[in-house]
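I opened my notebook next to this chain and looked things up one by one.

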Amino acid sequence: MFEISKSKAEPNALIIYQRDTSHEDTEILEEIQLLAQSAGAVVVTTLTAFRRRPDPATFVGKGKVDEIRSQIESDDIDLVILNHSVSPIQERNLERALKVRVLDRTGLILDIFAQRATSHEGKLQVELAQLQHIATRLVRGWTHLERQKGGIGLRGPGETQLETDRRLIGHRIKSLNKRLDTVSSQRQLRRKSRAKVPVPTVSLVGYTNAGKSSLFNRITDAKVYAEDQLFATLDTTMRRVELENFGASILSDTVGFIRDLPHSLVQAFHSTLEEVANAHLLLHTVDVSSSYREECISEVDKVLKEIEASDIPSIMVYNKIDITGSPPKVVRNSDGEIERVWCSAKTGEGVDLLLGAIAEHLGKLHIRCEIVLPANNGKLRAVLYQKNVVKTESVDDMGGFHLECDLSPADMGWLKKQPNINDIKRL
């Protein structure tokens with residue numbers, strides 16, 4: 001294996017984009033360049049090639065290997081990045097031929113995630129995904145220790161260093177899975193405790209660098225890290241938001257999605273992405289200035305389907321109208337429901353429209369009603385206050401409680417089963 005020169009904080013990178021059609025997709029090319037820059041590399045050269053089938057040994061073919069080698073020498077390249085997922089054998093053969101570190105698309109995304117992870121859970125998730133990736137790429141590089149248990153009195157089948165590495169990685173993966181199961185259980189307990197107080201959850205989802213964190217900061221006045229780079233946000237952040245004409249809700253910022261997101265990452269971040277799958281509303285944030293926004297929407301929809309969140313109600317949020325000059329607006333479907341909102345997280349234009357759209361949607365999830373309780377039913381009154389559903393209260397001449405409440409359908413069903421209620425009237 002080859003290491004990037006430690007004297008260079010930002011290694012010089014050469015990107016290889018090999019397509020299997022005659023059409024060159026500039027969007028894919030721009031994306032791998034942004035990924036490399038987000039990882040901290042300086043993109044010096046980009047080589048494109050057309051090949052219907054990858055070479056089984058080196059992925060790019062012998063002639064292209066010679067061209068890459070020549071480019072490495074002339075441009076002082078430290079790192080070669082392939083915009084593809086390649087097999088361990090292809091990666092190893094390329095490194096031997098080029099004498100520099102070779103990184104495929106999956107390895108590059110994992111490296112970015114490792115840099116961005118800040119929470120305990122995030123670091124565990126990234127390490128698990130990295131080890132699962134590395135486990136397939138171990139090479140037989142310890143021939144001088146061919147049998148660990150060799151020697152007089154210890155001759156036998158022994159264990160090669162390669163087998164030792166695989167065993168140790170297997171143990172570490174098992175340990176990480178146990179620790180993540182514990183974290184996932186803790187997350188489920190927190191989710192259950194939140195469910196006791198019916199505050200709906202709204203999750204920001206979207207393609208990476210669509211402006212989700214900037215929108216989150218604009219709405220919540222938080223200071224979540226937000227930069228014009230891919231995967232600036234990795235750890236889920238949640239904040240309570242008071243919505244006019246509705247009340248309290250919880251807004252969560254999540255990791256961005258990307259095309260061909262490694263399945264190991266989706267699996268590793270499954271407990272985090274459960275927050276998305278359990279949300280009451282998704283804000284599908286789109287970079288309206290991107291000429292490839294429809295493709296980005298399609299890629300996000302694929303991941304939402306994979307995590308079983310495709311059936312959750314959503315509002316399309318067309319962000320960055322400050323770049324396109326589009327006016328802030330709201331678009332409704334044929335049923336009168338809000339479908340799209342145009343806004344800018346940077347300038348704040350249209351954010352009030354978005355907040356109104358969220359409140360309107362969440363308002364439909366709740367039932368406004370008046371509940372009349374006799375004076376001796378203070379226990380049920382206290383439970384309703386604990387659930388944070390009481391909006392106003394008055395007391396009649398008989399000491400009865402008249403409570404105006406916002407109830408979810410589940411709470412309404414529960415309330416109807418309670419004894420000693422004088423009246424429930426929908427408003």
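**Contacts along the chain.** I began with contacts, meaning heavy atoms within 4.5 Å. Of those in the chain with a separation of 6 or more, 68% join residues 24 or more positions apart.

**Ground rules.** This is a predicted model, where local features need pLDDT of at least 70 and side-chain atom pairs count only at pLDDT 80 or more, while totals for chains, interfaces and linings use all residues. Residues are numbered from 1 along each chain as its sequence is written, and side-chain values use heavy atoms, with hydrogens and water left out.

**Overview.** I found 14 helices and 15 strands in the chain. Helices (H or I, at least four residues) and strands (E, at least two) are DSSP runs, numbered from the N terminus. Of the 427 residues, 48% count as buried. Buried means under 20% relative accessible area, exposed over 50%, and partly exposed in between, with a 1.4 Å probe and protein chains only. The chain exposes about 21,700 Å², and carbon and sulfur atoms supply 49% of that area. Such areas come from the Shrake-Rupley method with a 1.4 Å probe; for residues, only the protein chains shown count as cover.

**Helix α1.** I checked the length of α1 (26-38). At 1.5 Å a residue, its 13 residues should span 18 Å, and the end C-alpha atoms are 18 Å apart, so the two agree. The expected span is 1.5 Å times one less than the number of residues in the helix. Glu27, Ile28, Leu29, Glu31, Ile32, Leu35, Ala36 and Ser38 are buried in α1. What do the buried residues of α1 pack against? Their partners are β1, β2 (42-50), β3, α4 and α10. Glycine 40 follows α1 and has a positive phi, near 100°.

**Helix α10.** An α-helix has 3.6 residues a turn, so residues three or four places apart point the same way. Just after α10, glutamate 308 takes a positive phi of about 60°.

**Cores.** Next I looked for nonpolar cores: sets of buried Ala, Val, Leu, Ile, Met, Phe, Trp, Tyr and Cys residues joined through side-chain atoms within 4.5 Å. The largest has 37 residues, and Ile81 and Leu304 have the most contacts inside it. Two or more residues each come from β1 (12-19), α1, β3 (79-82), α4 (105-116), α9 (270-277) and α10. α1 gives the largest share of this core, five residues. Apart from it lies another core, of 24 residues, among them Leu204, Phe216, Ala222 and Leu281. I also listed the contacts of leucine 304, leaving aside neighbours within four places in sequence: Val205, Phe257, Val276, Leu282, Ala309 and Ser310.

**Serine 290.** Serine 290 sits in the loop between β8 (281-287) and α10 (293-306). Is serine 290 buried or exposed? Serine 290 counts as buried because its relative accessibility is 19%. Its side chain reaches the backbone nitrogen of tyrosine 292 at 3.1 Å.

**Positive phi in loops.** Most residues other than glycine have a negative phi, so I made a note of two more cases. Phenylalanine 59, with phi near 70°, is in the loop between β2 and α2 (62-75). Phenylalanine 59 is buried at 6% relative accessibility. Lysine 320, also with phi near 70°, lies in the loop between β9 (314-319) and α11 (321-324). Lysine 320 is buried too, with a relative accessible area of 16%.

**Glycine 211.** My last stop was the loop between β5 (201-206) and α7 (212-220), where I found glycine 211. Glycine 211 is buried, with a relative accessible area of 12%. Which residues does glycine 211 touch, not counting those up to four places away in sequence? They are Thr285, Asn319, Lys320 and Ala345. Glycine 211 and tyrosine 318 are 107 residues apart in sequence, yet 9.8 Å apart in space, C-alpha to C-alpha.

Methods
A polar contact is a pair of N or O atoms within 3.5 Å; within protein, one must be able to donate a hydrogen and the other to accept it, and residues adjacent in sequence count only if both atoms are side-chain atoms.
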